[in-house]
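Trainee: Could you walk me through how helix packing and strand pairing are to be read in a model?
Mentor: Let us look at the structure together and begin with the strands.

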2 protein chains.
Amino acid sequence: MRILTFLLLWLPLAVAADPLASWNDGEAKQAIIEFVATVTEPDSPDFVPKAERVAVFDNDGTLWVEQPFYTQLAFVLERLRELTDDHPDWRKEQPFKAALEGDKAALGEAGMEGLMQLLMATHAGLSSSEFADIAADWIATARHSRFERPYTELVYQPMLELLAYLREHGFKTYIVSGGGIAFMRPWTERVYGIPPEQVVGSQIALDYKLVDGEPTLVRKPEIAFIDDKAGKPVGIQRHIGRRPILAFGNSDGDYQMLEWTSAGPGRRLGLILHHDDAEREYAYDRDSHAGRLDKALDDAETQGWTVVSMERDWANVFPAAPQD
Amino acid sequence: MRILTFLLLWLPLAVAADPLASWNDGEAKQAIIEFVATVTEPDSPDFVPKAERVAVFDNDGTLWVEQPFYTQLAFVLERLRELTDDHPDWRKEQPFKAALEGDKAALGEAGMEGLMQLLMATHAGLSSSEFADIAADWIATARHSRFERPYTELVYQPMLELLAYLREHGFKTYIVSGGGIAFMRPWTERVYGIPPEQVVGSQIALDYKLVDGEPTLVRKPEIAFIDDKAGKPVGIQRHIGRRPILAFGNSDGDYQMLEWTSAGPGRRLGLILHHDDAEREYAYDRDSHAGRLDKALDDAETQGWTVVSMERDWANVFPAAPQD
Ligand SMILES: [Ca+2]
Ligand SMILES: [Ca+2]
């Protein structure tokens with residue numbers, strides 16, 4: 001009897017040892033486990049050597065919350081308001097006007113390119129290290145309006161588990177985001193375990209020059225690359241030079257990345273996070289200004305992509321709040 | 001007496017166990033060993049965590065031979081000659097005219113940008129995987145005119161040892177070359193142990209589209225990025241997002257990469273290979289069309305860069321030819 005009690009006491013620990021504990025049993029979890037088992041089994045005809053186990057993840061709406069608007073937009077808005085007096089034209093020109101007026105429809109229309117334009121205009125002339133410091137400081141203090149937690153705690157617990165699970169199985173995990181690469185890099189290693197060299201994103205042009213005799217990379221008022229839609233496979237090829245075998249996204253902006261990944265030879269896994277959980281997070285798809293999911297949802301079945309329902313497939317959404 | 005003979009017989013093996021066996025004892029070898037020991041010693045004030053041990057290497061003239069002209073130029077020339085009948089304008093326009101006439105001075109003038117223009121024009125419209133196959137096929141069969149060996153055997157043995165030595169000490173080794181990224185990636189892992197995702201280079205613009213229903217990355221007749229001179233620190237920031245602590249180059253094209261690396265905080269190591277060995281390889285510096293080394297040589301001492309003399313510092317230049 002004593003022994004049984006002892007064993008029962010240990011059961012919760014045994015359950016916690018599931019590396020994907022925040023994933024409910026179901027098709028999505030099974031698809032992930034089966035895929036990883038197959039490509040890492042040396043005797044399988046679908047075995048993939050470690051070096052080629054490349055997994056790519058969209059960021060906004062896939063790894064962290066993107067409603068009521070992109071986190072990066074909140075970052076940019078603060079500085080936009082500070083600088084507006086010096087730029088009267090911004091009150092008339094898009095996407096500046098939309099950002100200042102909080103016009104979500106117009107901002108959605110401007111998309112990732114619009115966001116990069118705002119980022120470019122608000123932070124041009126800064127050095128890359130000054131920008132990294134500003135982004136790191138902002139992310140350390142800013143809070144999400146609804147959840148009242150730092151944005152870096154509004155990352156999805158099931159995705160943190162998936163990233164770790166893949167790395168334990170020899171995968172290299174990459175972010176491939178439409179967001180600005182320099183905005184993400186200061187915190188992705190700490191939050192996701194993804195180092196700066198594995199972050200692919202949109203880019204502002206940089207100028208190398210001596211500033212007061214100091215070698216400096218200066219942000220130019222010019223967009224160098226938009227890593228969104230058809231830009232995602234291009235960004236993957238530029239940075240990684242290998243075709244991924246797993247891609248995870250949440251919107252039509254990830255369509256081409258999913259398509260490029262899935263069409264490669266051998267086993268591939270394409271996954272789409274469907275935000276259908278208004279209670280724990282948000283519910284949105286075809287009509288959303290940020291993270292619109294329409295064509296990719298229609299084509300998921302014919303393309304063989306697994307649709308992950310936040311409500312059905314996730315036992316937890318966010319990590320537990322840190323204890324004081 | 002017998003025991004002494006036995007010990008003497010073993011001496012060559014003990015020497016062979018030196019990870020930098022092809023480096024002669026001297027200032028350069030000592031600088032490398034001392035630097036690596038310092039930044040990897042946990043109790044040192046100059047200790048650098050593994051994740052930040054980034055080492056960048058130029059390719060042409062630093063890791064492999066670049067005389068009598070860039071290897072990539074030999075590759076491009078074959079196709080240029082095949083296509084010339086369809087492009088009568090090439091006989092008049094630079095850098096095509098210079099390439100067709102073997103005009104080294106004009107080609108030198110055109111630099112890496114000229115080389116990328118040739119690459120762009122000769123291989124536009126190909127898919128990224130078609131181009132990778134063509135480059136891999138060419139490199140497998142082409143031979144260097146003087147040494148009559150494949151180019152991939154005309155890599156420098158001391159540099160292969162240095163790359164391996166750094167990796168054994170937790171460094172991540174990167175190529176940062178003015179050459180085309182897609183030309184290098186098909187063979188850098190096999191030859192240098194550097195995987196495609198750690199190759200930074202000049203880039204042709206890519207277009208993602210469906211070709212006969214197949215997702216394809218198509219090479220456009222457009223240069224996306226020149227990874228040379230002031231472009232090298234920019235390429236490093238884009239791809240790696242960390243400042244290197246060691247940089248190795250051989251020409252003024254590496255000046256800014258060395259400068260950016262050396263000016264960072266903490267211990268840094270900048271190295272320049274000086275080709276001063278006409279007998280075993282080539283002797284060239286200030287007046288060379290390819291790999292001109294002038295200002296970086298003048299400034300090496302004040303910048304604290306170590307100049308490696310091929311003649312004095314290298315016991316071997318190329319790897320031994322494979323035995324049949
Ligand atoms: Ca997204
Ligand atoms: Ca060089």
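**Strands and helices of chain B**

Mentor: In this predicted model, Val176(B) stands opposite Val200(B) in β3(B). Strand β2 (residues 172-180) of chain B pairs with strand β3 (residues 199-211) of chain B in the parallel sense, over three bridges.

Trainee: In which sense do β3(B) and strand β4 of chain B pair, and over how many bridges?

Mentor: As a general idea, the side chains of a regular strand alternate between the two faces of the sheet. Here β3(B) and strand β4 (residues 214-225) of chain B pair over eight bridges in the antiparallel sense, and Leu206(B) stands opposite Arg219(B) in β4(B). These two strands, β3(B) and β4(B), form a hairpin with two residues between them, and in the turn Asp212(B) has a positive phi of about 50°.

Trainee: At what angle do helix α2 and helix α7 of chain B pack, and how far apart are their axes?

Mentor: Two packed helices are described by the angle between their axes and by the distance between those axes. For helix α2 (residues 27-40) of chain B and helix α7 (residues 157-168) of chain B, the angle is about 15° and the axes are 11 Å apart. Angles under 35 degrees count as roughly parallel, and therefore α2(B) is roughly parallel to α7(B). The crossing of α2(B) and α7(B) is right-handed.

Trainee: Which residues of α2(B) and α7(B) meet?

Mentor: From α2(B), Ile32(B), Ile33(B) and Val36(B) meet Leu162(B), Tyr165(B) and Leu166(B) in α7(B). Sorted by class, this contact of α2(B) with α7(B) has six nonpolar residues, with no polar and no charged ones.

Note on methods
Residues numbered from 1 in each chain as written. Chains lettered and ligands numbered in written order. Predicted model: local features only at pLDDT ≥ 70, side-chain atom pairs only at ≥ 80, totals over all residues. Heavy atoms only, no water. Axes fitted to C-alpha atoms, helices over the stretch in contact; angles between N-to-C directions. Helix = DSSP H or I, 4+ residues; strand = E, 2+ residues; numbered from the N terminus. Parallel < 35°, antiparallel > 145°, perpendicular 65-115°, else oblique. Left-handed = near helix turned anticlockwise from the far one by under 90°. Contact = heavy atoms within 4.5 Å. Nonpolar A, V, L, I, M, F, W, Y, C, P; charged D, E, K, R; others polar. Pairing = 2+ DSSP bridges.
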